Amino acid sequence: MEVESEKSGSDGKVWSFCRMPFWQTHTPSSSSSTASYMHNVHQQNQSLQSLDRSTHQSSATVSSVAKSLLPTRRRLSLDPPNKLHFPYEPGKQVKSAIAIKNTCKSHVAFKFQTTAPKSCYMRPPGGILAPGESIIATVFKFVEPLENNERPIDQKSKVKFKIMSLKVKGEMDYVPELFDEQKDQVAVEQILRVIFLDPERPSPALEKLKRQLAEAEAAQEARKKLPEETGPRVAGKGLVLDEWKERRERYLAQQQVEGVDSV
C-alpha cells in the first residue's frame with residue numbers, strides 16, 4: 001500500500017506537472033523576444049528605406065551634375081566655328097561673315113548678341129531656319145583709329161559676339177521676344193572672338209571672307225526681288241531689318257534729350 005501510495009503520489013506529482021502546458025512557463029520571455037525581433041525588423045526596414053531614398057537622391061544629384069557637365073548638343077553648324085574675321089581698316093566700318101546651318105530635325109531660331117552694340121550690328125540680327133536650311137549672316141563693325149603708332153598685327157579687340165539658339169514649333173515669323181518667353185530652352189551655341197586680318201596681305205582666311213561676303217550680298221539681292229508674302233522668315237516681314245540703326249537713332253535722341261535737360 002505504501003508503494004501504491006508512492007506511485008500514486010508520484011503520478012500525482014507528474015500529472016500535476018504535466019497538467020501545466022510547457023509553453024506557459026516561457027510565455028513572458030518568448031513574447032519579449034518576439035516584440036524585440038519585430039522592432040529590430042521594423043528598424044531595419046526603415047534604415048533600408050532611408051538608405052534607398054538617400055541613394056536615389058544621391059543618384060539624381062550625380063545625374064544632374066553629370067548632365068550639367070556634358071557639352072550642350074549643338075543645333076547649329078557655324079563656319080567659321082568660333083571666330084569672326086574682319087579686315088583691319090582703322091577709322092572705317094568693315095564687314096565679316098559667318099555661315100549658319102540648322103543641323104536639327106526641327107525648326108531652330110537663332111539670335112546674335114554683342115558686347116559692343118554701339119559699334120557693331122548684325123544682318124540679320126536673328127531668324128528661323130528650317131531643318132537643313134542655311135544662311136550667311138553679315139556682321140558690321142567700326143574699327144577704332146590707330147593709337148600710339150600701332151600696327152594692324154598689334155591691334156586686338158575685346159569685342160565678342162554670341163550666337164544663341166532655340167527650337168520652335170514649325171514655321172513662324174521671327175521675333176526677338178521668343179528668346180525671352182522660353183529662356184529655359186535657349187542654348188548658347190558659340191562665343192565668337194574678333195580676329196583682324198591685314199587686307200594687304202593675301203591669306204586663305206581673307207579669301208574665304210571675301211567669298212562669303214559675296215554670297216551674302218547675292219542672297220540679299222535675291223531676297224529683295226521676292227514678293228513680300230514669299231520673303232524669308234529672317235526678318236518676319238520678308239525684308240531684313242536693320243535693328244542697329246534704329247537702336248542708334250534712339251540712343252542719340254535720348255542723349256540729346258538728356259543734354260537739353262542738363263543745361
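**Ground rules.** Since the model is predicted, I kept local features only at pLDDT of at least 70 and side-chain atom pairs only at pLDDT 80 or more, while totals for chains, interfaces and linings use all residues. I number residues from 1 along each chain as its sequence is written, and side-chain values use heavy atoms, with hydrogens and water left out.

**The sheet.** I looked up the strand order first. I got an open sheet of 4 strands, β1-β3-β7-β5, with antiparallel pairing. Strands here are DSSP runs of E, at least two residues, and helices are runs of H or I, at least four residues, both numbered from the N terminus. Two strands pair if DSSP finds at least two bridges between them.

Which strands sit at the edges? They are β1 (76–79) and β5, each pairing on one side only. For angles, I use lines fitted to C-alpha atoms (for helices, over the stretch in contact), and values run from 0 to 180 degrees between N-to-C directions.

**β5 against β7.** I found 4 bridges joining these antiparallel strands. R123 stands opposite T138 in β7.

**What packs on the sheet.** Helix α4 (residues 204–225) does, touching β1, β3 (93–102), β5 and β7. Contact means heavy atoms within 4.5 Å. The direction of α4 makes about 75° with that of β3.

**Aromatics.** How many aromatic pairs does the whole structure hold? My search gave 3. Rings of Phe, Tyr and Trp (its six-membered ring) pair if their centres lie within 6.5 Å; planes under 30 degrees apart are stacked, over 60 edge-to-face, the rest tilted.

One of the pairs is F110 with F112, edge-to-face at 6.5 Å centre to centre and 85° between the planes.

Another is Y121 with F140, stacked at 4.6 Å centre to centre with 5° between the planes. Y121 lies in β5 and F140 in β7 (residues 134–142), so this pair ties together parts 19 residues apart in sequence. Y121 is buried at 7% relative accessible area, and F140 is buried too, at 6%.

**The loop proline.** I finished on P117, in the loop between β4 (107–114) and β5 (120–123). Buried or partly exposed? P117 counts as partly exposed, because its relative accessibility is 36%. I also noted 9.9 Å between the C-alpha atoms of P117 and F161, which are 44 residues apart along the chain.

How values were computed
Buried < 20%, exposed > 50% of the residue type's maximum accessible area, 1.4 Å probe, protein only.
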